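Subject: A structure for you to look at

Hi there,

Here is the structure I promised to pass on. Have a look at it first, and then read on for what I found.

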Amino acid sequence: THFGFETVSEKEKGGKVYHVFESVAKKYDVMNDMMSLGIHRIWKDLLLWKMHPFPGTQLLDVAGGTGDIAFRFLNYVQAQHQRKQKKQLRAQQNLSWEEIAKKYQSEEDSLGGSHVMVCDINKEMLKVGKQKAHAQGYKAGLTWVLGDAEELPFGDDKFDVYTIAFGIRNVTHIDQALQEAHRVLKPGGRFLCLEFSQVNNPLISRLYDLYSFQVIPVMGEVIAGDWKSYQYLAESIRKFPSQEEFKEMIEDAGFQKVTYESLTSGIVAIHSGFKL
Ligand code: SAM
């Protein structure tokens, strides 16, 4: 398979992935920062800039885990909507900036109808995400749903944008997850995937291998007391298809105008496609 799980059955892979994320959930965010030296934040910001959601966007974030994409989306649409509203109000009513700020304090108002549905198969990851949302004051425009990327609990043609960040390599049947993405998107909707990919520079590739297989499992053991889960993460990253192979898989699922952009020498890539 594309995932290199030749030695375990499909059922075993699903169980193994579940155990990995159940076990890492509480330390997931801190480990992400440590392992990527904080760079995952920039990659996720770039995903949002690429999405450039329009007011009222209905986003489905699959394998959304602890909510990193969802929170970035809410911040983005809130800032965008408030800028627009304030400009309009100021032009129409000649109010002061202070009066306008007071008028637009309510969260519901300030999202302009945009909404994000976070869907993940692991209730422990969702639990951490919900706690973060509560602690950081996110209330409106956000729903958490337990569900499998391969069998999404949503009807057809429901969302404007589908995102999956560092999630698709963990799915057992990637082709099925892609077909599901296509099914739930509205015609004209966009698929965006942020995932580890193939490094295109030989020197960086060697250093990256050393880092992934020698350093990451040690960090996993020291910080999260879990060598095996972090070894799995490093292995699953290597076994994911190349930028071009993955592009073809997205096209096979029915998406059009499929493109990708490699970031940080191909350590990760953002793939984009449209349901037309
Ligand atoms: N998107 C988040 C981020 O970027 O921080 C979380 C990524 S985390 C590496 C991978 C997530 O994929 C985990 O939360 C895991 O539970 C989820 N996952 C794995 N298999 C899945 C499936 N079949 N359906 C939905 N989520 C799945």
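A word on labels before we start: helices and strands are DSSP runs, helices of at least four residues and strands of at least two, numbered from the N terminus. Please also keep in mind that this is a predicted model.

Let's begin with the ligand. Its surroundings consist of 20 residues, and the closest are Ala63, Gly65, Asn122, Ala149 and Ala165. Helix H1 (10-24) and helix H4 (68-93) are the elements that give two or more residues to this shell. Sorted by class, the shell holds eleven nonpolar, five polar and four charged residues.

The UniProt record, an unreviewed entry, lists Thr66, Asp120, Asp148 and Ala149 under "binding site". I looked at two of these in more detail.

Where does Thr66 lie? You will find Thr66 in the loop between strand E1 (58-62) and H4. Thr66 counts as buried because 25 C-beta neighbours fall inside 10 Å, and the cut-off for buried is 20 or more. Leaving out residues up to four places away in sequence, Thr66 touches Tyr28, Asp29, Met125, Val128, Gly129 and Lys132.

Ala149 sits in another loop, the one between strand E3 (142-146) and strand E4 (159-165). Is Ala149 buried or exposed? With 24 other C-beta atoms within 10 Å, Ala149 is buried. The contacts of Ala149, again without residues up to four places away in sequence, are Val62, Ala63, Gly167, Val171, Ala177 and Glu180.

Now to the sheet. Seven strands form an open sheet with mixed pairing, in the order E3-E2-E1-E4-E5-E7-E6. E3 and strand E6 (256-263) are the edge strands, each pairing on one side only. On average, neighbouring strands of this sheet are turned by 15° against each other, direction ignored. In general, strands of a sheet pair through backbone hydrogen bonds, either parallel or antiparallel. E1 and strand E2 (residues 115-120) run parallel and are joined by five bridges. Within this part of the sheet, Val62 stands opposite Cys119 in E2.

Helix H7 (residues 123-136) lies across E2 and E3, and runs at about 165° to E3. Helix H11 (residues 243-252) packs on the sheet as well, touching strand E5 (185-196), E6 and strand E7 (268-274). The direction of H11 makes about 155° with that of E6.

Enjoy exploring, and write back with any questions.

Best wishes

Key:
Residues numbered from 1 in each chain as written. Predicted model: local features only at pLDDT ≥ 70, side-chain atom pairs only at ≥ 80, totals over all residues. Near = placed C-beta within 6 Å. Nonpolar A, V, L, I, M, F, W, Y, C, P; charged D, E, K, R; others polar. UniProt positions renumbered as here; feature names shortened; annotations may be inferred. Buried ≥ 20, exposed ≤ 12 C-beta atoms within 10 Å, placed from the backbone. Contact = placed C-beta atoms within 7 Å. Pairing = 2+ DSSP bridges. Axes fitted to C-alpha atoms, helices over the stretch in contact; angles between N-to-C directions.
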